[in-house]
Amino acid sequence: MLEISRLSKSFGGFRAVSDVSLTVEARQIAAVIGPNGAGKSTLFNLITGHLRPDSGKVMLGGRDITGAAPHRICRMGVGRSFQRTNIFAKLTVFENLQAAFIVHHRRGPNLWSRSDSLYRDETMELLRSIGLGGQEKTIAGTLSYGNQKQVELGLALASDPGVLLLDEPTAGMSSTETHETIALLERIAEERELTLLFTEHDMEVVFSIAQKIAVLHQGHIIAEGLPDTVRANDEVRRVYLGHGLTHQS
Ligand SMILES: Nc1ncnc2c1ncn2[C@@H]1O[C@H](COP(=O)(O)OP(=O)(O)O)[C@@H](O)[C@H]1O
Ligand SMILES: [Mg+2]
């Protein structure tokens, strides 16, 4: 579904992503892990077109999408969420998700004209599916942090992606929120037959849902494969020494 080959990106003289290759199969849940600054967000930005690679290739379902504009890549079926929350804090939950549908379907020049009925059914359906049923009138900025991240997930889902990239979906969450988010992600991935690629610093999260793990360290992939294989890898253990990688989950 997603085939990344020999992708590199430098900032100034600094190689943030170096010769990274990675394949994610259709409907697979895959994780990219690695310490802060390893290059995870940069890698995601290269895949989604928010950054242009210096070299290398990104293939989506057999189609070369390397260097295409973010909105084109989104239209080709790659949704994403950002490491920082990206919602409209002053709009209601309903309006946030409705806006995402409107933008995706590009409803003409009067994009922001009010029309409560536009995509109403789709919006309500999405609202329920992300676990925010009953919250449609709540101002998004007043929601708990965990619920705001759910809205953000909804924004990414409004374009009905086949591949979803999530950059640290549980960052900053309480442990309860984290567990709820994992359950939600698993359910949505299953229901929508999604291919999921996510980055995460919480090892418990990673090992509880990822079917495949790639470990980035200083821009390089140092290990890749099944969770058990990665967990047993010596270099990975060295990088993560004292970071809980030995915990069984
Ligand atoms: N736009 C940028 N300009 C310069 N350096 C950057 C930029 N984006 C990321 N970096 C650097 O690239 C490295 C990888 O960053 P990032 O991809 O955000 O890592 P991660 O998401 O794994 O924490 C870091 O050293 C970071 O400082
Ligand atoms: Mg990051």
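Where is Leu132 found? I started my notebook with that one, and I kept in mind that this is a predicted model.

**Entry 1: Leu132**

I found Leu132 in the loop between helix 4 and helix 5. Next I asked: is Leu132 buried or exposed? Its relative accessibility is 1%, and buried means under 20%, so Leu132 counts as buried. I then listed what it touches, skipping neighbours within four places in sequence: Val93, Leu127, Asn147, Gln150 and Val151 are in contact with Leu132.

Which residues of helix 4 are buried? Helix 4 covers residues 120–129, and I noted Thr123, Met124, Leu126, Leu127 and Ser129 as buried. I looked at what covers these buried residues, and the list includes helix 3, helix 5 (145–157) and helix 6 (175–191). Gly131 follows helix 4, and its phi is positive, near 80°.

**Entry 2: the chain as a whole**

How many helices and strands does the protein chain have? I wrote down 9 helices and 10 strands. The radius of gyration is 18 Å, close to the 18 Å that the globule rule gives for 249 residues, so the chain is as compact as a globular protein of that length. Along its principal axes, I noted a C-alpha trace spanning about 55 × 40 × 30 Å.

Buried residues account for 51% of the 249 in the chain.

**Entry 3: the cores**

A reminder to myself: nonpolar side chains tend to be buried together in soluble globular proteins. Which residues touch the most other members of the largest nonpolar core? That core has 48 residues, and the answer is Phe198, Ile213 and Val215. Helix 3 (residues 93–105) gives the most to this core, with 6 residues. Why does the core lie between domain 1 and domain 2? Both domain 1 (1–77 + 162–249) and domain 2 (84–160) give residues to it, so it lies between them.

Apart from this core I found another, of 25 residues, with Leu7, Ile47, Leu165 and Ala214 among them.

I went back to Phe198 for its contacts. Leaving out residues up to four places away in sequence, Phe198 touches Ile29, Ala30, Ala31, Val32, Phe44, Leu166, Pro169, Val205, Val206, Ile209 and Ala210.

In what order do the 4 strands of the open sheet run? I read the order as 2-1-4-5, with antiparallel pairing. Strand 2 (14–24) and strand 5 are the edge strands, and each pairs on one side only.

I walked across the sheet from strand 2. Strand 1 and strand 2 pair over 7 bridges, in the antiparallel sense, and Ser10 stands opposite Arg15 in strand 2. Strand 1 (residues 2–11) also pairs with strand 4 (residues 55–60), antiparallel over 5 bridges. There, Ser8 has Ser55 in strand 4 as its bridge partner.

Strand 4 then pairs with strand 5 (residues 63–64), again in the antiparallel sense, over 2 bridges. Met59 has Asp64 in strand 5 as its bridge partner. These two strands form a hairpin with 2 residues between them, and Gly61 in the turn has a positive phi of about 55°.

Most residues other than glycine have a negative phi, so I marked down the next pair.

Glu168 is not a glycine, yet its phi is positive, about 50°. I located Glu168 in the loop between strand 7 (163–167) and helix 6. At 6% relative accessibility, Glu168 counts as buried.

Where is Glu193 placed? I located Glu193 in the loop between helix 6 and strand 8 (195–199). Its phi is also positive, near 50°, in a residue other than glycine.

Notes
Residues are numbered from 1 along each chain as its sequence is written. Chains are lettered from A and ligands numbered from 1 in the order in which they are written. This is a predicted model: local features need pLDDT of at least 70, side-chain atom pairs count only at pLDDT 80 or more; totals for chains, interfaces and linings use all residues. Side-chain values use heavy atoms; hydrogens and water are left out. A nonpolar core is a set of buried Ala, Val, Leu, Ile, Met, Phe, Trp, Tyr and Cys residues joined through side-chain atoms within 4.5 Å. Buried means under 20% relative accessible area, exposed over 50%, partly exposed in between (1.4 Å probe, protein chains only). Domain bounds come from an automatic or database domain assignment. Contact means heavy atoms within 4.5 Å. The radius of gyration is taken over C-alpha atoms; the globule rule is 2.2 Å times the number of residues to the power 0.38. Two strands pair if DSSP finds at least two bridges between them.
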